Structure formats: C-alpha cells, structure tokens
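Subject: Structure handover

Hello,

Here is the structure I promised to pass on. Please open it beside this email and follow along.

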Amino acid sequence: PPDLEDKLLTEPLRHPDFFNVKELFSLKDLFDARVHLGHKKGCRHQFMEPYIFGCRLDQDIIDLDQTMQHLQLALNFTAHVAYRKGIILFVSRNRQFCHLVESTARECGEYAHTRYWQGGLLTNAHIQFGPGIRLPDLLIFLSSLNNVFEPHVAIRDAAKMNIPTVGVVDTNCNPCLITYPIPGNDDSPTSMELYCKLFKMTIIRAKNKRKQIEVFQDLQSQEKHDTSRPVLAEGQA
Amino acid sequence: MAGSRMQKTGSVFSRTRNLLRIGVIEKPLWFDVYAAFPPLREPLYRVPRPRYGKVTDVVPPIFYREDEVRAKFYKIYGSGPKPFDLSQPKYKSICQRFVEKYNELKEEGKIEEENLFEETGKALLASGIILQRRGTDKVAQQDHQDAEARDSVLHLQLQTVLEELQEKKESQEEQTPELKETQKENPSS
C-alpha cells in the first residue's frame, strides 16, 4: 500500500534526530581518541582553515565543537540512507586501516573498497560491470587522500555521478567536493577505530529500525484485514 | 538515463534538483534526506589558488600563561629526567608538576618573583624529584682566550670543590672519631 510506504519514508524526516545519533559520541570521546590532532602548519590545506581551532607549536589543532556538529549531520545522513535501503561504499586508501575498514563494512552488511581505484569504476560502470548495475547511494571516505597524498579520485567521480559523499577530512585534505565533511584526524588508530565504530553502529541501528517498523506495519495491516473479516485462526503470518 | 557530470558547476544537490525539475531523472534515494538535513556548507567546487605577496596567517597560535614557566624549565633543565608516558590518559609530566607547584607558590605570595623559580626547584627536590641542570657545553667557537678562561674557571671550581671535600672530611673526623677507627680496622673498599 503506497500510503504506508510514504509514511514509512517521510515520518523519520520530521524528527531532527530520529535515530538518536547524538548519544553515540561525546566531546570527551573525540578528545580521548585524539581526533583533534592535525598535521603540521606547512601541510595545511587552504580550505581547512575555518575548521582549525589553532596552531600549537606548529601543529594544527582541529576545532572539536565544529567536528561534533559535522559528525552529527554525517551520521544522521548515513542512518537515513541505510534506513531507505541504500548501498553504502566505504573507501579508504590508507593501508594501515584497510583491514579494519573491510571488516567494519562486512559487519554492517555494506561494501568497502580499500584497494587501487580503477579509473572507470563509477564513471564507466555500465561497461566495466555490465548493464543494469546499481551504483552506491553513499560513499564514506575514512581517509580522503590516496597513497601519494592527492585527493582520492572517487571524490571527484562521486560528484560527477551525483552521489553524495561523507568523508573524514584531515588538515591536509580538500573538503570542497565532499557533501558532508567531518574535520578530524585520519592517521591515529584510536580515531579510525572510533569512526568505524560510529558508522557501524549507526548503520546497524538504522537497518534494525527499518525492519522493526516494517514488521509493525505488517502487523497493523494484518489486524485491519482481520477486523474486517470474521476472525480466523490466530498466528497467520 | 540522463545525468550531469559537471562536478565544478554547482553542488550535487543543485544539479539533481534541476534535472528532476526538467523531468529527465527519477528521484534518487538521498534527495529527500539532503533536503531535510542539508550540510553546514553547500559542497561547491572551489579552485585552490596559491596566495601571493604577504600571507596573513588566519589560524591563531595557541599559547597559555604557563608556557613562560615551561620555556624557562626546559631551557635550564633540558627535557625532564623522566620520559613522557602517553599511554595513561591522566599522565602528569615533571614539567607539569613543576608548573603547578610554581602557580601554587605564586598564589601564596610569600616568595618574591625572582626567587620563585629556585624555590619550586627546591620544593620538587623535597618531594623527591631530582632535577639536573643542563650543562653549558654549547660554545660555538673556542678561542685560546676562552679556553684559557675556561681552564682557569675549571681550576677554580676544582679547587673550591676540593676545599669543600677536605672541610667535610675534617668535620666528619671531628664528629665521628669512633667510625674512623672502625674504618681503619676494616679494609677499605
């Protein structure tokens, strides 16, 4: 029934924080995971300056208040996309954490690409994979640079294919083309583990909520049908 | 299926919204979510232009009041006797304890400002932390005069140290004649 489906999709958009992603992290968690540590002053990207709090003995310190806001928006967006059964692709070309990212994706039930990105993966998909391919609906970058410290090709490709992106941008990254940037450290193991944990929890939470609401609606529709006709045997699923 | 691959013109959202308005595309999954929760900054492409001429640093440097004390500490004592153990979240280095002691003594106000530094050093010694002064070895050029001056200074220092040792020995001999007898009996190590 289209009414129920509409309600299913529009109801979560009315609440500012339907999946309650704010409770998943706090400022102290970000600080303990060393998310505020940036690179040295010489590595700083021009467009990251608004997100930097200050420079302590030549090392950039990222403003965690802004990071909190950006992280909340990004997690909320991923939760809604996962709720609507969107395909999420984790991208990270950082070899230190490639295994962590792949295992996170496997546990969420989503996809990851932590190897060499071939030129036409998104832009030439119909020829590389065959017709009728479904492209990802969201790309999550856990490190927006590739191995030679240049912006990852997938950022530009996703902007070309009109796919929104969520990405962790460090002080040497370009946050322009990323739809929901998260200014933060992408080099410490503690910070990467924190991001992976947060993304995994939001996606699993969103998927469970979807299942729950679908089951609830099924039960409701079944009750309606049952009340209109004489009551038959219970337990008809 | 139409599409707009112009990533340098407008954002992803503006392009999809315009394509939808024309009617050549069907509504993607994320469109309503973006419309309901837009990001703080629209993801427009900006050209990274290098800055010419005088470059003003927009990012402020972070300095605290205690940095003056820390700078003086590191200048005199070098990096502290104990290395930093960052694995504990609430680790206090010796420099940090020094700074806290300095602030405490300053607030008490009984000691003058010039002597505060030495007083904190003594207070830390009392609580068991030994601070070794960094040696003044860094002389760029060694002229003969300087070398001679240093040698003479060294001689003087050695003489004073020897005199002090001799005085101490004499005072010890006066106070403990018995111990000296026992020492004479036992073989010296």
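Below is what turned up, from the whole chain down to single residues.

One caution before the details: this is a predicted model.

**Chain A overall**

Start with chain A. It has 237 residues, and 53% of them count as buried. It contains 7 helices and 8 strands. Its C-alpha atoms fill a box of roughly 80 × 45 × 30 Å, taken along the principal axes. Now look at the contacts in chain A with a separation of 6 or more. Residues 24 or more positions apart account for 67% of them.

**Where the chains meet**

The area buried between the two chains is about 3500 Å². Carbon and sulfur atoms give 60% of that area.

The interface of chain A and chain B also has 4 salt bridges. One to find on screen joins the side chains of A:Arg56 and B:Asp67, at 2.6 Å from N to O.

**Helix H1 of chain A**

H1(A) runs over residues 2-14. Check its length. At 1.5 Å a residue, the 13 residues of H1(A) should span 18 Å. The end C-alpha atoms of H1(A) are 19 Å apart, which agrees.

The buried residues in H1(A) are A:Leu8, A:Pro12 and A:Leu13. Take A:Leu8. Why does A:Leu8 count as buried? Its relative accessible area is 5%, and buried means under 20%. Leaving out residues up to four places away in sequence, A:Leu8 touches A:Tyr83, A:Arg210, A:Ile213, A:Glu214 and A:Gln217. For a sense of distance, pick A:Ser191, 183 residues from A:Leu8 along the chain. The C-alpha atoms of A:Leu8 and A:Ser191 are separated by 34 Å.

**Helix H5 of chain B**

Move to chain B. Helix H5 of chain B covers residues 113-126. At 1.5 Å a residue, its 14 residues should span 20 Å. Its end C-alpha atoms are 20 Å apart, which agrees.

The buried residues of H5(B) are B:Leu116, B:Phe117, B:Thr120, B:Gly121, B:Ala123 and B:Leu124. Keep one rule in mind as you read that list. An α-helix has 3.6 residues a turn, so residues three or four places apart point the same way. What do the buried residues of H5(B) pack against? They pack against helix H3 (67-77) and helix H4 (94-108) of chain B. Just after H5(B), B:Gly128 takes a positive phi of about 105 degrees.

**One threonine to finish**

B:Thr16 lies in helix H1 (residues 12-22) of chain B. Is B:Thr16 buried or exposed? It counts as buried, at 1% relative accessibility. The side chain of B:Thr16 reaches the backbone oxygen of B:Val12 at 2.6 Å. Not counting residues up to four places away in sequence, B:Thr16 touches B:Pro28, B:Trp30 and B:Phe31, as well as A:Asn162 from chain A.

Best wishes

Terms used
Residues are numbered from 1 along each chain as its sequence is written. Chains are lettered from A and ligands numbered from 1 in the order in which they are written. This is a predicted model: local features need pLDDT of at least 70, side-chain atom pairs count only at pLDDT 80 or more; totals for chains, interfaces and linings use all residues. Side-chain values use heavy atoms; hydrogens and water are left out. Buried area is the accessible area (1.4 Å probe) that two parts lose on being put together, summed over both. Helices (H or I, at least four residues) and strands (E, at least two) are DSSP runs, numbered from the N terminus. The expected span of a helix is 1.5 Å times one less than its number of residues. Buried means under 20% relative accessible area, exposed over 50%, partly exposed in between (1.4 Å probe, protein chains only). Contact means heavy atoms within 4.5 Å. A polar contact is a pair of N or O atoms within 3.5 Å; within protein, one must be able to donate a hydrogen and the other to accept it, and residues adjacent in sequence count only if both atoms are side-chain atoms.
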